[in-house]
Amino acid sequence: MLTMTVFSLLALSLSSTDALASSHREAPGIALDPAADITDFYAFVSPEDSSKIVFIMNVNPLELPNGGPNFHFFDDNVLYEIHIDNEGDGNEDITFQLRTHTEHTIPGTFLYNDGVYLGQGNGGVQGVDGAEDVNISQTFTLTRVDDGVATTLFTDEGVAPINVGERSMVVGGYDPYSSTAGTITDDHVYTSGAYRVFAGPRQEGFYVDLGHTFDLLGVGVGTNTNSLLGYNVHSIAIEVDADMLTRDGATPSAGAKNDVIAAWATTSRRAVTIRRANGTQAQRGPWIQVGRLGNPLVNEAVIAIEDKNRFNAAHPTEDAGLFLSYVTDPILPIYMNAVLGTPNPSDTQADIIPGVVDNGLDTGGREDLVVAFLTGFSGFCTEPGDYYFGATIPGEAKSFYAYEALRLNLNGCAGWGGAGASFWPNGRGVGDDVVDVALSALNGYVLTLYGVSGTGGFVPDGVDDAGLSYLDTFPFLGDPWAGGTY
């Protein structure tokens with residue numbers, strides 16, 4: 001009964017806030033631009049090496065594995081970026097930029113490949129026309145920018161190929177059913193100094209029941225299943241030493257006040273597209289941000305339809321002025337209270353978080369959600385030591401700022417993971433049940449940590465990661481599903 005009621009709640013909220021997916025077709029503008037639509041963003045301490053941090057940015061929502069002849073790809077005209085603020089002022093101190101380049105090596109065929117893919121990049125057996133086996137190949141360049149100073153980390157590395165099917169891919173090249181990566185994945189993990197990087201198709205690792213939700217809101221009917229099971233995404237995964245992300249370049253520690261970062265992903269396109277009569281296009285002008293994602297579910301279930309495109313284009317430093325009321329006065333707990341009977345924590349109940357009322361962010365609303373998602377929270381190990389909103393950042397002529405981003409304690413503090421549900425909102429792991437966590441936070445879970453009576457506990461949605469594969473090693477998301485056997 002609980003599961004059925006929660007899904008009924010989700011149906012009510014979805015009718016006015018677009019799809020409840022981690023970030024899939026979440027705004028009217030980006031829904032028309034899948035190659036620039038960021039589906040998920042992850043940041044976590046590597047389970048292989050606790051001194052390293054992993055970032056993963058996914059694009060191309062609802063990517064059908066059998067979507068040939070023109071499969072989903074990265075777009076050469078999109079600038080893919082991961083931003084890191086290691087000071088707390090809402091401005092990026094480090095940015096990783098990825099650009100791709102696409103070549104068609106067999107222009108006389110309609111097929112993605114005309115032979116069995118055996119090797120890295122464009123190598124393999126000869127195709128039927130004597131050319132190489134892959135017709136459409138992509139390479140990428142990855143650049144790091146520190147306060148405006150750019151350093152190229154990787155150049156012209158191969159994007160992993162599409163998993164076309166068993167006739168096209170060498171046996172063992174991809175294995176979507178295993179926690180061990182296939183040889184194709186391993187061949188496309190590149191290492192340079194302290195960095196590892198991968199770019200290419202992966203399994204969709206997020207899970208939610210969209211099928212029941214959009215069948216005339218018949219959620220909770222029958223068996224709740226993961227509607228995204230069997231879909232792929234395109235991932236950019238970066239691993240880097242933690243001490244290369246801190247504001248002082250030192251090993252992260254609470255004593256040094258350098259152990260928390262905030263991160264978010266963006267996509268940008270040139271301001272002007274020129275469409276020519278011969279079918280070609282040209283891109284001109286400055287880069288304009290079209291997609292943005294920090295914490296999951298924000299643009300879907302928090303931002304109203306009138307501001308969704310604006311949120312995707314906004315910089316974090318604009319958040320307090322443009323979008324704060326969506327967090328402090330959210331609509332979803334009202335639905336939860338009406339349908340589920342769960343508490344809708346009052347402003348008075350929420351007005352107890354240390355460091356908020358006393359330090360400049362007395363919003364008169366859900367301040368428990370402010371610290372969970374906009375400033376960092378000591379209970380989740382995501383508040384930088386000894387400074388908070390309105391306070392001066394130690395060693396800087398800057399103030400700590402409230403804005404939407406995914407915050408991570410670089411030392412891997414347990415945070416919300418202590419509840420047995422998720423690392424998010426202390427970073428986000430690839431298998432985190434973020435829907436459960438979001439519902440629970442809106443239900444007042446943060447307030448229960450302070451013993452506030454009349455607030456709720458943990459709220460599950462009835463969907464788990466059954467059927468999905470996550471890798472034990474970098475890049476951690478499972479090998480992509482095959483088109484030929486989909």
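These notebook entries record what I looked up on strand pairing and pockets in a predicted model.

**Basis.** I worked from a predicted model, in which local features need pLDDT of at least 70 and side-chain atom pairs count only at pLDDT 80 or more, while totals for chains, interfaces and linings use all residues. Residues are numbered from 1 along each chain as its sequence is written, and side-chain values use heavy atoms, with hydrogens and water left out.

**Strands.** I took strands as DSSP runs (E, at least two residues), numbered from the N terminus, and counted two as paired if DSSP finds at least two bridges between them. I found β4 (residues 94–104) antiparallel to β3 (residues 79–85) over five bridges, with Glu 81 opposite Gln 97 of β4. I also found β4 antiparallel to β5 (residues 136–146) over eleven bridges; here His 104 faces Ile 136 of β5.

**Largest pocket.** A pocket is an open set of points on a 1 Å grid over the protein atoms alone, where a 1.4 Å probe fits, with protein on both sides within 12 Å along at least five of seven lines; lining residues have an atom within 4 Å of a point. I noted a volume (the space filled by probe spheres set on the points) of about 320 Å³ for the largest pocket. Its lining has 17 residues, with Asn 163, Pro 176, Tyr 177, Ala 482 and Thr 485 nearest the centre.

**Second largest pocket.** I recorded about 230 Å³ for this one. Its lining comprises 15 residues, of which Phe 44, Val 45, Pro 47, Phe 423 and Gly 429 are closest to the centre. I saw that β1 (38–45) and β12 (406–409) each supply at least two lining residues; β1 gives the largest share, three.

Key: Helices (H or I, at least four residues) and strands (E, at least two) are DSSP runs, numbered from the N terminus.
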